[in-house]
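Here is my note for a first look at this model. Please keep the structure open while you read the points.

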Amino acid sequence: MMASSYNAKEEDGHHSGAPAHGGAAAAAAKSKKPDNTAFKQQRLPAWQPILTAGTVLPAFFVIGLIFIPIGIGLFVTSNNIREFEIDYTGVDVDSPCYSCARNFSWNNTAPCLCSVDFTLEQPFESNVFMYYGLSNFYQNHRRYVKSRDDSQLYGDRSALTNPSKECEPYRMSDGQAIAPCGAIANSLFNDTLELYHIDSNGTRNTIPLVKKGIAWWTDKHVKFRNPGGNNNLTAAFRGTSKPVNWRKPVYDLDPSDPDNNGFINEDFIVWMRTAALPTFRKLYRIIQKKAVTTPTLPSGRYVLNISYNYPVLSFDGRKRMILSTISWMGGKNPFLGIAYITVGSICFFLGVVLLIIHHKYDTRNNSADIPN
């Protein structure tokens, strides 16, 4: 009697457990299905554009009619920008800087001086920007771009005496840390350019060149800082060495202006912003307009005095001085206007071709006989 009762309870236990296992399996199987919502079942409303002649052809014509006038405006604006360029590398024998280029040596303590005469056929209005240009100089090389220490340039004292290893082989010199370290700083452009205007009496008049305001504001006031501020830079940089190819230390780049000396020297900051292409130009000075009635640079004869300190013949490079005005779109750049004109013309031409094809196709369908 007790055994039968036990067997009945066991049997009842088996029967009562079966639905539990079956329910769990059913729940697991059901959980694999995504919820019956519009998002998970992909029933959300969607826009599927149907391309027809009534939508495609007007789009081509509108793009063409908008892009072509914009391109013409950009092209004309670019052509109105005055620009003059002169090469003073000294490659040719008859070049005024030939002897400086051929006889250059890092051991020379005094710079080699040369002068280049040129004539401006047309006057330059508004502010004039003077650039120096280099060719065949690959500032975009990976090792070159990485060869710097931004912490040191920010004025960090620990990085000042212990620069990053990325600066090798321009990291240490004679047991002292190089400040600023790296290949970019070591190759700083250091030619000195002076411009003179020769008037009708043969008098040489100096053109004032402004050296402030040539660097980006964020670079000047955020990325580059002197260690310990701008007071007593000689003491701040004590225990460091100048870059190998520099003639003077970093705290002596512009001793006449403490706000333009050391790491915050604007010529240095401009150079440290590397170029993307091997032929580039960098802003050197600004010639500000003094009077409204007279041009900034009148037409006539000019003399460019050069302190030739930067050799480029060893890598087949070239050096240039560029004078340029600017407009609301920046410097002279005809490519943008040509690109707009080209794209607009192609779109307009394709619109005409597609319109002709659509007209012929539509006419053939309408004239076709439909059999009964």
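1. Start with the sheet. Four strands form it, it is open, and the order is β2-β10-β6-β7. The pairing is antiparallel. Bear in mind that the model is predicted.

2. Next, look at the edges of the sheet. Which strands pair on one side only? They are β2, residues 112-120, and β7, residues 204-206. From one strand to the next, the twist averages 30°.

3. Strand β6 covers residues 192-198, and strand β10 covers residues 300-308. Seven bridges join the two in the antiparallel sense. For a landmark, find Leu193: Ile306 of β10 stands opposite Leu193. As background, strands of a sheet pair through backbone hydrogen bonds, either parallel or antiparallel.

4. Two prolines deserve a check of the backbone. The peptide bond from Glu168 to Pro169 is cis, and its omega is near 5°. Pro169 sits in the loop between α6 (157-161) and β4 (172-173). For context, most peptide bonds are trans.

5. Check phi at two residues as well. Most residues other than glycine have a negative phi. Gln42 has a positive value, near 60°. Its place is the loop between α1 (2-31) and α2 (53-79). Is Gln42 buried or exposed? Gln42 is exposed, because its relative accessible area is 73% and the cut-off for exposed is over 50%.

6. Asp174 is the other residue to check. Phi of Asp174 is positive too, near 55°. Asp174 belongs to the loop between β4 and β5. The relative accessible area of Asp174 is 79%, so Asp174 counts as exposed.

7. Last, compare the record with the model. An unreviewed UniProt entry places the feature "transmembrane region" at residues 50-76 and 335-357. How much of each span is helix in the model? Residues 50-76 are 89% helix and 0% strand, and the end C-alpha atoms lie 39 Å apart. Residues 335-357 are 100% helix and 0% strand, with end C-alpha atoms 33 Å apart. The "transmembrane region" label itself comes from the UniProt entry.

Definitions and conventions. Residues numbered from 1 in each chain as written. Predicted model: local features only at pLDDT ≥ 70, side-chain atom pairs only at ≥ 80, totals over all residues. Heavy atoms only, no water. Pairing = 2+ DSSP bridges. Axes fitted to C-alpha atoms, helices over the stretch in contact; angles between N-to-C directions. Buried < 20%, exposed > 50% of the residue type's maximum accessible area, 1.4 Å probe, protein only. UniProt positions renumbered as here; feature names shortened; annotations may be inferred.
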